[in-house]
Amino acid sequence: MARFSIAALFFSLLLPRLVMADVTVAQAERYMETSGLGELLVSIQTAVQSRLNLQRLSASKIIVDEDVFNTVDVVAKRIPDPLLAIKYLTEKVDGGMMTSTLAFLHTPLGEKIRSSESESNRPEAQVEMQRYALALSSSPLPLERLALVKRLILEARMEDLVLRMLERVFMTSGDVAEVLTNTEQAQEFRAEIADEWRRSLPVIKVQFEQLILVNTQYIYRALSNDELERYVHFLSEPEGEMYWKTSMAIVDIYLKQFVTELVSSLKSLSGAA
């Protein structure tokens with residue numbers, strides 16, 4: 001999946017609903033592989049590594065040494081471990097719905113969607129995407145196509161997912177502050193970064209709205225308007241909520257676990273100092 005095209009997993013069905021059933025570990029592993037949830041975990045790791053601004057702590061006179069940076073790196077590298085996601089899928093997701101979703105992913109349209117999303121994960125895809133964006137600036141998509149792409153982004157909750165991830169990562173420096181300094185200074189720092197996020201959010205939204213729009217146009221460029229319409233329709237069905245709710249939940253679970261492990265490691269580091 002492309003960095004912000006966490007779109008790889010948005011499916012719902014025109015298939016019959018199945019009886020409520022438990023998700024097996026094997027089924028969850030198959031869903032992880034087929035749906036692109038593995039790529040979502042990598043996206044979470046990338047967001048932590050690129051967006052956790054420890055320098056901001058230093059700007060508030062909170063000392064951050066090399067050991068702290070190394071600890072963050074070590075803990076962040078554990079994020080793509082699928083065990084937490086599999087636990088969530090087996091405990092919280094309906095097995096019948098997952099079976100139907102997997103069936104959809106193996107239809108000709110589902111296979112084409114998966115292929116498009118997988119192709120966008122190639123290392124050279126980022127350069128190609130930049131060229132594609134440049135071409136769009138001089139030759140925009142037809143209005144009908146652009147409207148379909150925007151509907152896809154809306155139904156898949158792509159912007160909500162990206163902004164949720166960014167906000168969680170941005171606020172994580174507050175958790176780090178609580179370990180590295182006294183309570184009063186940590187509370188002041190949390191208030192500062194919360195205000196910074198609130199003031200920056202309108203600009204961040206504009207930036208990422210445009211990025212997600214271009215990425216999505218690029219990723220699904222091989223789908224015809226009819227295929228894109230059918231995909232959007234899948235996502236608009238009640239079962240289509242399975243993807244974005246699952247993705248939102250997994251983002252929260254993994255970032256919460258990252259913070260818990262990071263705080264624990266930093267406290268151990270402080271105790272050993």
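Is Arg 199 buried or exposed? I looked this up and recorded Arg 199 as exposed, with a relative accessible area of 51%. The scale I applied is as follows: buried is under 20% relative accessible area, exposed is over 50%, and partly exposed lies in between, with a 1.4 Å probe and protein chains only.

**Basis of the entries**

I note that this is a predicted model, in which local features need pLDDT of at least 70 and side-chain atom pairs count only at pLDDT 80 or more, while totals for chains, interfaces and linings use all residues. Residues are numbered from 1 along each chain as its sequence is written, and side-chain values use heavy atoms, with hydrogens and water left out.

**Entry 1: salt bridges**

I took a salt bridge to be a side-chain nitrogen of Lys or Arg within 4 Å of a carboxyl oxygen of Asp or Glu. The count by this rule is 19 salt bridges.

I began with the partner of Arg 199. Asp 195 forms a salt bridge with Arg 199, and their closest N and O atoms are 2.8 Å apart. Asp 195 and Arg 199 are four residues apart in helix 11, so about one helical turn separates them. Helices here are DSSP runs (H or I, at least four residues), numbered from the N terminus. I recorded Asp 195 as partly exposed, at a relative accessible area of 29%.

I then looked up Arg 56, which forms a salt bridge with Glu 192, the closest N and O atoms being 3.0 Å apart. Arg 56 lies in helix 3 (residues 55–59) and Glu 192 in helix 11 (residues 183–219), so the pair ties together parts that are 136 residues apart in sequence. Arg 56 is buried, with a relative accessible area of 16%, whereas Glu 192 is partly exposed at 34%.

Next I noted Asp 175, which forms a salt bridge with Arg 190, with the closest N and O atoms 2.6 Å apart. This pair links distant parts of the chain, Asp 175 being in helix 10 (residues 158–180) and Arg 190 in helix 11, 15 residues apart. Arg 190 counts as partly exposed, at 24% relative accessibility.

**Entry 2: helix 1 against helix 5**

I looked up how helix 1 (residues 25–35) and helix 5 (residues 83–92) pack: the angle is about 120 degrees and the axes are 9 Å apart. That makes helix 1 oblique to helix 5. For this term, angles under 35 degrees count as roughly parallel, over 145 as roughly antiparallel, 65 to 115 as roughly perpendicular and the rest as oblique. The crossing of helix 1 and helix 5 is right-handed.

Which residues of helix 1 and helix 5 make the contact? I listed Val 25, Ala 28, Glu 29, Tyr 31 and Met 32 of helix 1, and Ala 85, Ile 86, Leu 89 and Thr 90 of helix 5. Contact means heavy atoms within 4.5 Å. By class, this contact has seven nonpolar, one polar and one charged residues.

Within helix 1, I found Gln 27, Ala 28, Tyr 31, Met 32, Thr 34 and Ser 35 buried. Just after helix 1, Gly 36 takes a positive phi of about 100 degrees.

**Entry 3: Lys 112**

I located Lys 112 in helix 7 (residues 108–119). Lys 112 is partly exposed, with a relative accessible area of 29%. Neighbours within four places in sequence left aside, Lys 112 is in contact with Ala 222, Leu 223 and Glu 227. I also recorded that the C-alpha atoms of Lys 112 and Leu 148, 36 residues apart along the chain, are separated by 17 Å.

Terms used. Axes fitted to C-alpha atoms, helices over the stretch in contact; angles between N-to-C directions. Helix = DSSP H or I, 4+ residues; strand = E, 2+ residues; numbered from the N terminus. Left-handed = near helix turned anticlockwise from the far one by under 90°. Nonpolar A, V, L, I, M, F, W, Y, C, P; charged D, E, K, R; others polar.
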